[in-house]
Amino acid sequence: MMYRRYRVPSMWREMDRLQREMNRLFEDYGPMRVRNAPSYPALNVWSNDEGLLVTAEVPGVSPDDIEVNVIGETLTLSGVRKPDELKEGARYHRQERGYGKFSRTLQLPFPVSVPKIEATFKHGVLNVRLPRAEESKPRKIAVKSA
Amino acid sequence: MAENVTTMEIEKEEVAPAEGTERTRECACFVPRADIYEVDDQMVIVADVPGVDEDSVEITLEKNILTINAFTEPVEMEGFAPVFAEYEVGDYQRSFKLSDEIDRDKIQATIKDGVLRLYLPKAAAAQARKISVKAG
């Protein structure tokens, strides 16, 4: 009897493990999954040995209203999205776009060279280039034969 | 002070393809969020189409259906590998049914900072006509 009680749950556990393993396997091969952003705006991040690239879609925000700050190893993007200034008597039939302040903070994986950071804004898309600080770049150590 | 942008703003809604059809372009297609307001004698449609400029947007009016088609180029960052993604880049498509009071010949559109604005002026009020009835 003891034998049976032990076997049954163990089999399910094994199936569970197998399923998790399969899911993980397929995730690795598929296109990168788009995660939901925790707050506005959604960010996409690219990287290479030279640095990091962060993009965000912030349509309708004037470039003067966007602030890009780097303090230590955190990047903060903040700004204000303003509504159209309506004349008196105007009325909304439909309002789906949001307005107001926004702020996103991102932990950077390495120190960046602050003076070399470039931010551009084109057609409502913000593009921030963060070059990696020279001293944090991977260095190849030559191995000498003794 | 202004409220924070609501989280509703973050997710993009994908266009449902018409039954039995498939898209020919490889990228995704989204429904742009839009505001519509009426001021004085015109309607204004404001739609978010980030990444789109004046050359990559098409606005067509067929019968009383106004369709916005905006195209974006897939983003390829030369020499960079994606680390993580919270949004997808794709085309935009949305249609609106216009009421008869819009003056079709005077529709104007502008695009700035990824926001498309359509100005739809109303036609001069149609003259009320009285039909006289003759005794037959």
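Let's begin in helix α1 of chain A, residues 2-29, where A:Met11 has its place. Helices here are DSSP runs of H or I with at least four residues, strands are DSSP runs of E with at least two, and both are numbered from the N terminus. A:Met11 is partly exposed, with a relative accessible area of 46%. For that wording, buried means under 20% relative accessible area, exposed means over 50%, and partly exposed is in between (1.4 Å probe, protein chains only).

## What you are looking at

This is a predicted model, in which local features need pLDDT of at least 70 and side-chain atom pairs count only at pLDDT 80 or more, while totals for chains, interfaces and linings use all residues. Residues are numbered from 1 along each chain as its sequence is written, chains are lettered from A and ligands numbered from 1 in the order in which they are written, and side-chain values use heavy atoms, with hydrogens and water left out.

## A strand covered on both faces

Now over to strand β2 of chain A, residues 51-57. Seven of its seven residues are buried, so β2(A) is largely enclosed by the rest of the structure.

Who are the partners of β2(A)? One is β1(A), residues 43-48, which pairs with β2(A) in the antiparallel sense over six bridges. Two strands count as paired if DSSP finds at least two bridges between them. β1(A) and β2(A) form a hairpin with two residues between them, and A:Leu43 stands opposite A:Ala56. Another partner is β8(A), residues 125-131, which runs antiparallel to β2(A) and is joined to it by seven bridges. There, A:Leu52 stands opposite A:Leu130.

Follow chain A into the segment after β8 and you'll find A:Ser136. This serine is buried, with a relative accessible area of 18%. Setting aside neighbours within four places in sequence, A:Ser136 is in contact (heavy atoms within 4.5 Å) with A:Phe110 and A:Pro111.

## Rings that pair up

Over all chains, the structure holds three aromatic pairs. In A:Tyr92 and B:Tyr37, the ring centres are 5.4 Å apart and the planes are at 70 degrees, so the pair is edge-to-face. The rule behind this: rings of Phe, Tyr and Trp (its six-membered ring) pair if their centres lie within 6.5 Å, and planes under 30 degrees apart count as stacked, over 60 as edge-to-face and the rest as tilted. This pair crosses between chains, from β5(A), residues 91-95, to β3(B), residues 34-39. A:Tyr92 is partly exposed at 29% relative accessible area, whereas B:Tyr37 is buried at 7%.

B:Phe30 and B:Tyr92 make a tilted pair, 6.5 Å centre to centre with 50 degrees between the planes. These two link distant parts of the chain: B:Phe30 is in β2(B), residues 28-31, and B:Tyr92 is in β8(B), residues 90-97, 62 residues apart. Both B:Phe30 and B:Tyr92 are buried.

## Charged partners

A salt bridge here is a side-chain nitrogen of Lys or Arg within 4 Å of a carboxyl oxygen of Asp or Glu. By this rule, the count over all chains comes to 16. One of them joins A:Asp65 and A:Lys82, whose closest N and O atoms are 3.3 Å apart. A:Asp65 lies in the loop between β2 and β3 of chain A and A:Lys82 in the loop between β4 and β5, 17 residues apart. A:Asp65 counts as partly exposed, at 22% relative accessibility.

Then there's A:Glu96, buried at 19% relative accessibility. A:Glu96 forms a salt bridge with A:Arg94 at 3.2 Å between the closest N and O atoms, and A:Arg94 is partly exposed at 36%. A:Glu96 also meets B:Arg94 in a salt bridge (2.8 Å, N to O). A:Glu96 lies in the loop between β5 and β6 of chain A and B:Arg94 in β8(B), so the pair joins two chains. Salt bridges that share partners also join A:Arg81, A:Arg97, B:Asp35 and B:Asp48 into one network.
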